[in-house]
Amino acid sequence: MGARTGRVVVASVACLLWLNGCETSTKLGDLFQSKSDTTESIRSASAEDPASTGSLRPPPPGVPQPDAVPKGLLGNDPNDDLNLGKKHFRAADFGLAERHFRRAVEQHPRDLESWIGLAASYDRLRRFDLADRAYDQAAKITGPTAELLNNWGYSYMLRGDYRRARETLLQARAQDPGNPYIKNNLELLEASFRKGKAIQ
């Protein structure tokens, strides 16, 4: 009977030690404190947020928490329509790129990047009437920025409309004189004009 009691005592102590390891405190004596002492120590520990627990303070009111950001918000999810549109555009699959960019602008009609991607996809599909509509929508959002004018000028080059391409690219260069993309497009325009055919 004495051996059995000894095993029970050893098992009880082992359980207490194991349970003590589950607590935030590392002192064995804390386990045997009165309930009011334990409650008070938990309150003070949560107020101080000790560095040893690795816990994070809650964000101030009004600051969105990571879980509060809606899934599918443009740019957060690699599988949202904007990112899929970019992926297909880079892979020269302009039909799928157009589909994803179109979905992105339907879901987020004020997203400039989606409109520019849609316009560029229409350019590559040689649907210039639809490209102009998308460029118009982008211009309503941001105004005629250098980036937008550069893309629109390139669109005119693709059509073989050198006069409008030059006017548009010169407007873009006036806004951003050091932009290498605008400079390259102007050089490409001159080369295309000399050859007498539109860019492919």
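This is a predicted model: local features need pLDDT of at least 70, side-chain atom pairs count only at pLDDT 80 or more; totals for chains, interfaces and linings use all residues.
**Overall make-up**

The protein contains 9 helices and 0 strands. Read from the N terminus, its elements follow the order α-α-α-α-α-α-α-α-α. Of the 200 residues in the protein, 30% are buried. The accessible surface amounts to about 13,500 Å², and carbon and sulfur atoms hold 56% of that surface. Among contacts with a separation of 6 or more, 42% are between residues 24 or more positions apart.

**The largest nonpolar core**

In soluble globular proteins, nonpolar side chains tend to be buried together. Here the largest nonpolar core has 30 residues, and the members that touch the most other members are Trp115, Leu118, Tyr135, Met157 and Leu189. At least two residues of this core come from each of helix H4 (94-107), H5, helix H6 (128-142), H7, helix H8 (162-175) and helix H9 (180-195). The biggest contribution is that of H7, which gives 8 residues.

Which residues does Trp115 contact, once its neighbours within four places in sequence are set aside? The partners of Trp115 are Val105, Pro109, Ala134, Gln137, Ala138 and Ile141.

**The second largest pocket**

The second largest pocket holds about 400 Å³ of space. It is lined by 16 residues, and those closest to its centre are Phe89, Ile116, Gly117, Ala120 and Asn151. Three elements are named as giving two or more residues to this lining: helix H3 (81-90), helix H5 (112-124) and helix H7 (146-159). H5 has the largest share of the lining, with 7 residues. Sorted by class, the lining is made of 7 nonpolar, 3 polar and 6 charged residues.

**Residues within the helices**

Ala97 is part of helix H4. Is Ala97 buried or exposed? Ala97 has a relative accessible area of 0%, so it counts as buried, the limit for that class being under 20%. Leaving out residues up to four places away in sequence, Ala97 touches Gly85, His88, Phe89 and Ser121. One of these, Phe89, is also among the residues closest to the centre of the second largest pocket.

Asp136 belongs to helix H6. With 38% relative accessibility, Asp136 is partly exposed, because its value falls between 20% and 50%.

Gln175 is located in helix H8. Gln175 is likewise partly exposed, at 44% relative accessibility. Apart from residues up to four places away in sequence, Gln175 touches Pro144, Thr145, Ala146 and Leu149.

The table gives the C-alpha distance for each pair.

| Pair | Separation along the chain | C-alpha to C-alpha distance |
|---|---|---|
| Ala97 and Ala120 | 23 residues | 9.4 Å |
| Asp136 and Ile116 | 20 residues | 9.8 Å |
| Gln175 and Ala146 | 29 residues | 5.7 Å |

Two residues in the table, Ala120 and Ile116, are among those closest to the centre of the second largest pocket. Ala146 is one of the residues that Gln175 touches.

**Two residues in loops**

Most residues other than glycine have a negative phi. Ala92 is not a glycine, yet its phi is positive, at about 65°. Ala92 sits in the loop between H3 and H4.

Arg126 also has a positive phi of about 65°, and Arg126 is not a glycine either. Where does Arg126 lie? Arg126 is placed in the loop between H5 and H6. At 42% relative accessibility, Arg126 is counted as partly exposed, because this value lies between the limits of 20% and 50%.

Note on methods
Residues are numbered from 1 along each chain as its sequence is written. Side-chain values use heavy atoms; hydrogens and water are left out. On a 1 Å grid over the protein atoms alone, a cavity is a set of points where a 1.4 Å probe fits but cannot get out, and a pocket is an open set with protein on both sides within 12 Å along at least five of seven lines; lining residues have an atom within 4 Å of a point. Grid points are joined across faces, edges and corners, and a volume is the space filled by probe spheres set on the points. Helices (H or I, at least four residues) and strands (E, at least two) are DSSP runs, numbered from the N terminus. Ala, Val, Leu, Ile, Met, Phe, Trp, Tyr, Cys and Pro count as nonpolar, Asp, Glu, Lys and Arg as charged, and the others, Gly among them, as polar. A nonpolar core is a set of buried Ala, Val, Leu, Ile, Met, Phe, Trp, Tyr and Cys residues joined through side-chain atoms within 4.5 Å. Buried means under 20% relative accessible area, exposed over 50%, partly exposed in between (1.4 Å probe, protein chains only). Contact means heavy atoms within 4.5 Å. Accessible areas come from the Shrake-Rupley method with a 1.4 Å probe; for residues, only the protein chains shown count as cover.
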